[in-house]
Amino acid sequence: MNTAKNLKSNDLSDYGNPISKLFKQPQSPEEWKQYMLTAEQIKFYKENGYLSNIKILNEEQVDVLNEELANLSEMSEERKKLFYEYKSNESEDPNKVLFHAIGGWRSMTGFHDLLWTPAYRMAAYQLMGGDFKLFHDQLFCKPSNHGGVVAWHQDYSYWTFTKPMNHLTCWIGLDDASKENGCLYYVPRSHKWGLLPITGLTGNMYAVREVLTKEQLADFDKKTAIEMPKGYASFHHPQMMHGSYSNSSDRSRRAVVLNSMGPNTVSNIANFERMDLLKDFPSMGEHGQVLDNKCFPLLFNADKELGALKKEVFTI
C-alpha cells in the first residue's frame, strides 16, 4: 500500500511535490539522462503527432495505482468532491460501461505522485519544448466484456477555454492494451488537420467522419492501433485524432491520462459556450489570466532540474 504520512490536508493539490517514495526522483542532472528521448523519437512525434511505447511505470507502481483504483468505491463522498468529474458510467450505450473521472490526483497518493514520475516529466519536457504545468488528469476504465468506446476526437476541441494551444496528452496503460480490450488508436499525421468541430465522446464511434474532407477520410482509414504493455505510455499532440473501441475481451482495460500545458497558458472563457462543463473544474480566473493556482502545479523547471545539461537535451 502506498501511503503518505503526517499530511495536514486531504486535498492533495495543497502539495506541489511528491508526498511518498513511490517514484524515485533524480538527484542530479546526470540522473535525468536515462529518461531522455532520442532525436529520432522527437522527429517521429513531430511528423506523426504521437509517440508510443515509452516505459513510465514498473510493475510495482502499476499495482499500487490499480489498488488505489480498486479502493475508489470505499472513498468518502467528501473526498470524491475533490474530483472535477466522476462518472461511474459515461457510456451512451446502455449495454456498455465506461468509467471516467477527472482530478484523481487530488485524492489518491499514487495518482498525485504520478505527476512527478521522472520518465513522464522528461518526455513531456522534450515533446512540449519547454517547462510545463499540469492541466488535469483523467481515469478511463473499461471493464471486461462490455467496456464502452471513446469516440474519435481531438483533445483541444474540448479545451478551447484555454489558450494558446500548447498542450500534451500522455496516456498510460494500467493493463496490457490490445485491440481486443479497447486500446488507443491514432490517425498518423492528423494533428496537421487543424481544429475540427466536436462530434461527441462516448456515443457514435464514427461521428467524426461526418465533418472530414475526402482527403481526411482517406487518411482516417489508415488508423493505427497502439498496443502496449501495462506501465507504458503514448504521448500525443492536442489536435491528434484518436479514439478507442469497446472492450469485448475477458480482460479489463484501465488507463490514466496526464494532460499538460505550457507555463503561460491563460484562461479563454470569454466566448466559451459550455461553461456548465467547468462548474466543478478549478477556477479559471478572469479571461486572459495565467492559470497559476494550486491545481495547475509546475511539473518541470528545466533550469532547476537539468542545469547545464539542458543544452544537450533534444526538444521539439
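**View 1. How much of the protein is buried.** Of the 316 residues in this predicted model, 56% count as buried, meaning under 20% relative accessible area, with over 50% called exposed and anything in between partly exposed (1.4 Å probe, protein chains only). Residues are numbered from 1 along each chain as its sequence is written. Local features need pLDDT of at least 70 and side-chain atom pairs count only at pLDDT 80 or more, while totals for chains, interfaces and linings use all residues, and side-chain values use heavy atoms, with hydrogens and water left out.

**View 2. The overall fold.** You'll find 7 helices and 14 strands here, taken as DSSP runs (helices H or I, at least four residues; strands E, at least two) and numbered from the N terminus. The C-alpha trace spans about 50 × 45 × 40 Å along its principal axes. A compact globule of 316 residues would have a radius of gyration near 20 Å, so the protein's 19 Å agrees; that radius is taken over C-alpha atoms, and the globule rule is 2.2 Å times the number of residues to the power 0.38. Look at contacts (heavy atoms within 4.5 Å) with a separation of 6 or more, and 81% of them are between residues 24 or more positions apart.

View 3. Searching the whole structure turns up 21 aromatic pairs, where rings of Phe, Tyr and Trp (its six-membered ring) have centres within 6.5 Å; planes under 30 degrees apart are stacked, over 60 edge-to-face, and the rest tilted. One of them joins tyrosine 50 and tyrosine 186, a tilted pair at 4.7 Å centre to centre with 35° between the planes. This pair links distant parts of the chain, with tyrosine 50 in strand β1 (residues 50-55) and tyrosine 186 in strand β8 (residues 184-186), 136 residues apart. Both tyrosine 50 and tyrosine 186 are buried. There's also an aromatic cluster made of Trp32, Tyr35, Tyr120, Tyr125, Phe132, Phe235 and Phe300.

**View 4. Around aspartate 11.** Aspartate 11 sits in the segment before α1 (39-48). Its relative accessibility is 11%, so aspartate 11 counts as buried. Setting aside neighbours within four places in sequence, aspartate 11 is in contact with Leu82, Arg106 and Lys294. Serine 260 is 249 residues away along the chain, and the C-alpha atoms of aspartate 11 and serine 260 are separated by 20 Å.
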